[in-house]
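Please prepare a short briefing on the structure shown here.

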Amino acid sequence: MMKKDLPQPLFIAHRGLSARYPENTLAAFKGAIDAGAHMIELDVCLSKDRQLVVIHDETVDRTTDGTGAVKALSLDQLSRLDAGSWFDPRFKTERLPTLAQVLDAVKGRLMVNIEIKPEAFEADGPADAVERQVLDLVREKNMLDEVLVSSFEWLMLENLRKLDPGIALGLLSDVAADESLRHWYRRIKGFSWHPDFRVLTQQQVDSLHDLGARVFPYAVDGKIDTRGMLAMGVDGLIVDDPRQMTARQP
Ligand code: G3P
Ligand code: MG
């Protein structure tokens, strides 16, 4: 279980230090460690052969030199792609990491927010469903106290709560926290709420704090001014650029 007294505000490096490194690569995660992040955020999908791969988009087109849907490519095919040159040629040796590789690289150095992409959800709940694989891997790495799992697909979070009483779970939403969201927060015994910064209000922050939730808005463009969010008393920020963590903004 993740400890409750976290640094305030928590610096959560979105897709790693994505303002300075190609997103969701080991370089970006190591860059986040060097920049003093408390936690990294990353995105997990399933490959064709049902392996946990760290990539944001449903296709490899934008962030690699390949083309096609992630779920139509095997891990072997995915791991051959150049995942760095699109950002800067000096990162041409970067590859799409597996979740296991990332956990090995950061264990004991910072915490990990694993965002499971909703497209990977399978309603029939197979034994190797993405959320089950994530839990199995986190347990195998003995990292339950260093990991926070979030998703826009709250059914996956509910499944995780049924499987593990202690794993920290975060509700992702791009809509305001209404009664339904508060119900889900209680239902999954949540740890945190991760709203799009555009829906954040003081009332929302206060009402989630009343439930005991930590509020970690995502503001995923390094140019977004986060001073208003910090003034509302949010508990952390999911951001691309370390400068967004301070009162002096980029
Ligand atoms: O986890 C917060 C944030 O990453 C959600 O949006 O599209 O960047 O995964 P996205
Ligand atoms: Mg994400």
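The points below are grouped by topic.

This is a predicted model, in which local features need pLDDT of at least 70 and side-chain atom pairs count only at pLDDT 80 or more, while totals for chains, interfaces and linings use all residues. Residues are numbered from 1 along each chain as its sequence is written, chains are lettered from A and ligands numbered from 1 in the order in which they are written, and side-chain values use heavy atoms, with hydrogens and water left out.

- Glu-41 in strand E2 (residues 39-46) and Glu-115 in strand E4 (residues 111-116) are 74 residues apart, a pair that links distant parts of the chain.
- Strands (E, at least two residues) and helices (H or I, at least four) are DSSP runs numbered from the N terminus.
- Glu-41 is buried at 4% relative accessibility, and Glu-115 is buried at 5%.
- Buried means under 20% relative accessible area, exposed over 50%, and partly exposed in between (1.4 Å probe, protein chains only).

**Around ligand 1**

- The residues around ligand 1, with a heavy atom within 4 Å of it, include His-14, Arg-15, His-56, Phe-152, Leu-172 and Tyr-218.
- Oxygen atoms of ligand 1 lie 2.6 Å from a side-chain N or O atom of Glu-41, 3.2 Å from one of Asp-43 and 2.9 Å from one of Lys-117.

**Ser-18**

- Ser-18 sits in the loop between strand E1 (10-14) and helix H1 (26-34) and is buried, with a relative accessible area of 12%.
- A polar atom of the Ser-18 side chain is 2.8 Å from the backbone oxygen of His-14.
- The side chains of Ser-18 and Asp-240 make a polar contact at 3.2 Å.
- A polar contact is a pair of N or O atoms within 3.5 Å; within protein, one must be able to donate a hydrogen and the other to accept it, and residues adjacent in sequence count only if both atoms are side-chain atoms.

**Pockets**

- A pocket is an open set of points on a 1 Å grid over the protein atoms alone, with protein on both sides within 12 Å along at least five of seven lines; lining residues have an atom within 4 Å of a point.
- The largest pocket holds about 250 Å³ of space, where a volume is the space filled by probe spheres set on the points, joined across faces, edges and corners.
- Of its 15 lining residues, Cys-45, Leu-46, Lys-71, Glu-119 and Ala-120 lie nearest the centre of the largest pocket.
- The second largest pocket has a volume of about 190 Å³, and the closest to its centre among 15 lining residues are Met-1, Lys-4, Lys-189, Gly-190 and Phe-191.

**Backbone details**

- Gln-8 and Pro-9 are joined by a cis peptide bond, with omega about -5°; Pro-9 lies in the segment before E1.
- Arg-50, not a glycine, has a positive phi of about 60°; Arg-50 lies in the loop between E2 and strand E3 (52-54) and is partly exposed at 24% relative accessibility.
- Lys-189, also not a glycine, has a positive phi of about 50°; Lys-189 lies in the loop between helix H6 (179-187) and strand E7 (192-195) and is exposed at 59%.

Key:
On a 1 Å grid over the protein atoms alone, a cavity is a set of points where a 1.4 Å probe fits but cannot get out, and a pocket is an open set with protein on both sides within 12 Å along at least five of seven lines; lining residues have an atom within 4 Å of a point.
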